[in-house]
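Open the model in your viewer and keep the sequence panel beside it. This tour goes from stop to stop, saying what to select and what is there.

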Amino acid sequence: MPMHKTAAKAVGASALAALVLTACGGGDEAEESVEAEPQNAVTVDVDLGEVELNNEGTLQVCSDVPYPPFEYFDEEGTVVGFDIDIAQTIADAMEAELEVVQTGFEGIQSGVALDAGTCDLAISGMTITEERAGNMLFSEPYLDDNLGLMAATDADVSSLDDLEGLTVGVQTETTGATYAEENGYEVREYTDSGLLIQGLESGQVEAAIGNISILGYQAGESDTAEFIEEIDTGEQLGIAAASENDQLIDAVNEVLTELEASGGMQEIEDRWFRDGDTPEEAADDEAADDEAAEEEPAEEESTDEGEN
């Protein structure tokens with residue numbers, strides 16, 4: 001099923017702030033339910049029939065937070081993001097309540113969390129790989145992606161060719177980690193993307209390699225790091241269910257197909273990837289524009305008085 005454009009956007013300030021704040025708790029692999037707040041009221045018209053879930057009436061979704069803009073804590077400590085909106089649409093189509101379970105990425109990408117019944121689905125900006133597909137059942141792709149290179153502004157890095165002798169940060173068990181290791185870079189691993197960005201901005205590493213949908217999103221507002229280049233790996237992101245749970249993944253594919261056909265997926269993409277702004281930033285920009293428009297007549301009046 002054809003899906004979406006590469007998600008390479010500049011960072012939003014509030015997203016980065018939320019990332020830094022929540023990264024303080026990074027590395028905690030404990031699984032726990034977290035409060036989630038979908039931002040898009042997108043629904044699809046599909047008849048899925050009865051879909052068997054671990055807990056009747058509740059769709060449990062494993063997600064590794066923070067990973068903006070896919071899933072991160074907003075200023076109120078609620079999990080929001082691109083994946084959360086998609087998860088809510090799937091839950092609504094199944095006439096189920098959505099429960100988001102904070103889960104370390106190792107447990108997600110290995111399939112352990114799904115096999116243990118921690119959740120029905122894993123939705124966590126996860127790239128479909130052959131190795132992972134041997135441990136879980138993937139949906140059709142819902143987003144195209146590539147890797148990207150981000151570097152400290154004072155590291156004198158203009159391409160991948162400049163990484164020799166430098167330490168490159170990656171997130172553990174990701175395709176970025178695999179790429180960096182296969183290319184022989186000196187690697188330092190972090191357990192989540194929040195700690196990875198902290199490591200880059202604090203000088204622990206001179207560069208970082210990860211999915212462009214994440215690094216590109218975080219680069220725009222940083223004063224100490226910048227996005228360098230896209231690495232064309234042709235990755236695609238998918239939603240996963242436990243192996244042999246064909247009924248559930250078929251239902252997910254029906255929802256994704258209808259989301260694409262109805263324009264709902266584009267609506268969700270626009271919200272989280274438009275113009276490099278998070279929804280919070282877009283709201284701030286609109287408020288600033290409104291304030292400026294209100295002040296403009298007063299300024300003109302003041303000028304006239306001065307001229308008189």
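**The whole chain**

In the protein, 77% of the contacts with a separation of 6 or more are between residues 24 or more positions apart; a contact means heavy atoms within 4.5 Å. This is a predicted model, in which local features need pLDDT of at least 70 and side-chain atom pairs count only at pLDDT 80 or more, while totals for chains, interfaces and linings use all residues. Residues are numbered from 1 along each chain as its sequence is written, and side-chain values use heavy atoms, with hydrogens and water left out.

Switch to the cartoon view. The protein has 11 helices and 13 strands. Helices (H or I, at least four residues) and strands (E, at least two) are DSSP runs, numbered from the N terminus.

Now show the surface. The protein exposes about 13800 Å², and carbon and sulfur atoms supply 39% of that area. Accessible areas come from the Shrake-Rupley method with a 1.4 Å probe, and for residues only the protein chains shown count as cover. Of the 308 residues, 53% are buried. Buried means under 20% relative accessible area, exposed means over 50%, and partly exposed is in between (1.4 Å probe, protein chains only).

Select Phe-82, Ile-90, Met-94, Leu-121 and Tyr-142. Of the 45 residues in the largest nonpolar core, these touch the most other members. A nonpolar core is a set of buried Ala, Val, Leu, Ile, Met, Phe, Trp, Tyr and Cys residues joined through side-chain atoms within 4.5 Å. Among the elements that each supply at least two residues of this core are strand 2 (58–63), helix 2 (82–93), helix 9 (246–262) and helix 10 (264–273). A second, separate core has 29 residues, including Ala-152, Val-157, Ala-177 and Ile-209. In soluble globular proteins, nonpolar side chains tend to be buried together.

Zoom in on Phe-82. Leaving aside neighbours within four places in sequence, the contacts of Phe-82 include Pro-69, Tyr-142, Met-265, Trp-272 and Phe-273.

**Helix 2 and what follows**

Select residues 82–93. Is helix 2 enclosed or open? Helix 2 is largely enclosed by the rest of the structure, because 11 of its 12 residues are buried. Among the buried ones are Asp-83, Asp-85 and Gln-88. At 1.5 Å a residue, helix 2 should span 16 Å, and its end C-alpha atoms are 17 Å apart, which agrees; the expected span is 1.5 Å times one less than the number of residues.

Next select Glu-95, in the loop between helix 2 and strand 5. Glu-95 has a positive phi of about 55° although it is not a glycine. Glu-95 is exposed, with a relative accessible area of 74%. Most residues other than glycine have a negative phi, and most peptide bonds are trans.

Which residues form the disulfide? Select Cys-62 and Cys-119, whose sulfur atoms are 2.1 Å apart. A disulfide is a pair of cysteine sulfur atoms within 2.5 Å, and by this rule the count comes to one. The pair links distant parts of the chain, 57 residues apart: Cys-62 is in strand 2, and Cys-119 is in the loop between helix 4 (112–115) and strand 6 (121–122). The link is left-handed, with -110° about the S-S bond. Cys-62 counts as buried at 0% relative accessibility, and Cys-119 counts as buried at 2%.

Move to Ser-63, also found in strand 2. Ser-63 is buried, with a relative accessible area of 1%. A polar atom of the Ser-63 side chain lies 3.1 Å from the backbone oxygen of Ile-123.

**Two cis bonds**

Follow the chain to the loop between strand 2 and strand 3, the place of Pro-66. A cis peptide bond joins Val-65 and Pro-66, with omega about 10°. The peptide bond from Pro-68 to Pro-69 is cis too, with omega near 5°.

**Helix 6**

Finally, select residues 175–182. The buried residues of helix 6 are Thr-175, Gly-176, Ala-177, Tyr-179 and Ala-180. Their cover includes helix 5 (130–133), strand 8 (143–152) and strand 12 (225–237). Select Glu-173, in the loop between strand 9 and helix 6. Glu-173 has a positive phi near 65° and counts as partly exposed at 36% relative accessibility. Just after helix 6, Gly-184 takes a positive phi of about 75°.

Definitions and conventions. Polar contact = N/O pair within 3.5 Å; in protein donor to acceptor, adjacent residues only side chain to side chain.
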